[in-house]
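Look over the sequence and the structure first, then read the points by topic.

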Amino acid sequence: MNKKLVAALSGGSVLLMALSGCSGDDSESKVNDWAKKVCDQVQPQLKKIADANTSIQQATSDSSKPADVQKADSAAFQSISDAYKSLGSAVNSAGAPPVDDGDKTQQEAVKELNATSVSYANLKKQVDKLDTKDQANFADGLKGVADELDKLSKSGDKALQQLQSGDVGKAMAKQPGCQKPSPSAGGGSAEPASDTAS
C-alpha cells in the first residue's frame, strides 16, 4: 500500500547521504578542522534519518493497518525534520568553511537544511490529517505525501552540493562522522528495493 512512499523517502535521504559521497585527499588543517567540527555532529543525525527510513519500511506492508502506518510515518517525518534542523545548527555553529565564498556557502547550506526540516514537518502534518478509517482514502492521501516527498528529494540540494565540493568536500569525506551510517533497527538498507515501483 505504501511502497511509493518508501521509495520516495529513500530518495529524500540521498540529499544527506551525498555527504559521504566525496573522496579525495587534502592536507589543509583548517579545512579538516572545520569538517571535523561539522561531521562530529552530523553522524547522529544521519543515523536518525536512516532509522526513520527503516521504521517506515517496517510499518509498510499490504497487511499494515492505516493507523499503524500513519503513526510510524508521522514519527519518522518528525524525526527527519528534527535531524535536518540539527544539521542546519551544526553547519551554522561550525562557522564559515575556510574557503573562497565560505560565508555564502555556509549560509546557503544552513538555509537549505532548515527549509528541508520545515518541509518534513509539513509532511508530518499532512500524514496526521489522513483519514485512517477509510483504506482507499488513506492510500490516496499517502500517494499525495509520496508525491511531495518525491519533489522534496529532487529539489533544493544545490547548496549542500556546494558545501561538499572542492577542499571542503574532500575534508568532509575523510571524517568518520560524515560516513553513511547503517540503520540500527532491522539492519535493512534505506535504498529502495526493486519492487517499490507503484
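A helix here is a DSSP run of H or I of at least four residues, and helices are numbered from the N terminus. By that count, Gly166 is found in helix H8. The model is predicted. The protein has eight helices and zero strands. Of its 198 residues, 43% count as buried. One disulfide is present.

**Overall fold**

- From the N terminus on, the order of elements is α-α-α-α-α-α-α-α.
- Helix H3 covers residues 29-59.
- Helix H4 covers residues 66-94, and helix H5 covers residues 102-128.
- Helix H6 covers residues 135-154.
- Helix H7 covers 158-163, and helix H8 covers 166-174.

**Helix packing: H4 with H5**

- The axes of H4 and H5 come within 8 Å of each other.
- They cross at roughly 165°.
- Angles over 145 degrees count as roughly antiparallel, and H4 and H5 are therefore roughly antiparallel to each other.
- The crossing of H4 and H5 is left-handed.
- By class, the contact of H4 with H5 has twelve nonpolar residues, ten polar and four charged.

**Helix packing: H4 with H6**

- The axes of H4 and H6 come within 11 Å and cross at roughly 20°.
- That angle makes H4 roughly parallel to H6, because angles under 35 degrees count as roughly parallel.
- The crossing of H4 and H6 is left-handed.

**The disulfide**

- Which residues form the disulfide? Cys39 and Cys178 do, with their sulfur atoms 2.0 Å apart.
- The pair links distant parts of the chain, 139 residues apart.
- Cys39 sits in helix H3, while Cys178 sits in the segment after helix H8.
- The torsion about the S-S bond of Cys39 and Cys178 is about -90°, so this disulfide is left-handed.
- Are these cysteines buried or exposed? Cys39 is buried, and so is Cys178.

**Loop residues**

- Ser64 is in the loop between H3 and H4.
- Ser64 has 13% relative accessibility and so counts as buried, since the cut-off for buried is under 20%.
- A polar atom of the Ser64 side chain lies 2.6 Å from the backbone oxygen of Ala59.
- Asp101 is in the loop between H4 and H5.
- Asp101 is not a glycine, yet its phi is positive, at about 60°.
- At 58% relative accessibility, Asp101 counts as exposed, because exposed means over 50%.
- Gln164 is in the loop between helix H7 and H8.
- The relative accessible area of Gln164 is 8%, so Gln164 is buried.
- Gln164 and Ala35 are 129 residues apart along the chain, and their C-alpha atoms are separated by 9.9 Å.

**Helix residues**

- Ser55 lies in helix H3.
- Ser55 counts as partly exposed because its relative accessibility is 28%.
- Ser55 and Asp73 are 18 residues apart in sequence. In space, their C-alpha atoms are 7.9 Å apart.
- Val145 lies in helix H6.
- With a relative accessible area of 0%, Val145 is buried.
- Val145 and Asn122 are 23 residues apart in sequence and 9.9 Å apart in space, C-alpha to C-alpha.
- Gly166, in helix H8, has a relative accessible area of 46% and is therefore partly exposed.
- How many residues separate Gly166 and Val99 in sequence? They are 67 residues apart, with 9.0 Å between their C-alpha atoms.

**Points to take away**

- The predicted model has eight helices and zero strands.
- H4 is roughly antiparallel to H5 and roughly parallel to H6.
- The disulfide of Cys39 and Cys178 is left-handed, and both of its cysteines are buried.

How values were computed. Residues numbered from 1 in each chain as written. Predicted model: local features only at pLDDT ≥ 70, side-chain atom pairs only at ≥ 80, totals over all residues. Heavy atoms only, no water. Axes fitted to C-alpha atoms, helices over the stretch in contact; angles between N-to-C directions. Helix = DSSP H or I, 4+ residues; strand = E, 2+ residues; numbered from the N terminus. Parallel < 35°, antiparallel > 145°, perpendicular 65-115°, else oblique. Left-handed = near helix turned anticlockwise from the far one by under 90°. Nonpolar A, V, L, I, M, F, W, Y, C, P; charged D, E, K, R; others polar. Disulfide = S-S within 2.5 Å. Buried < 20%, exposed > 50% of the residue type's maximum accessible area, 1.4 Å probe, protein only. Polar contact = N/O pair within 3.5 Å; in protein donor to acceptor, adjacent residues only side chain to side chain.
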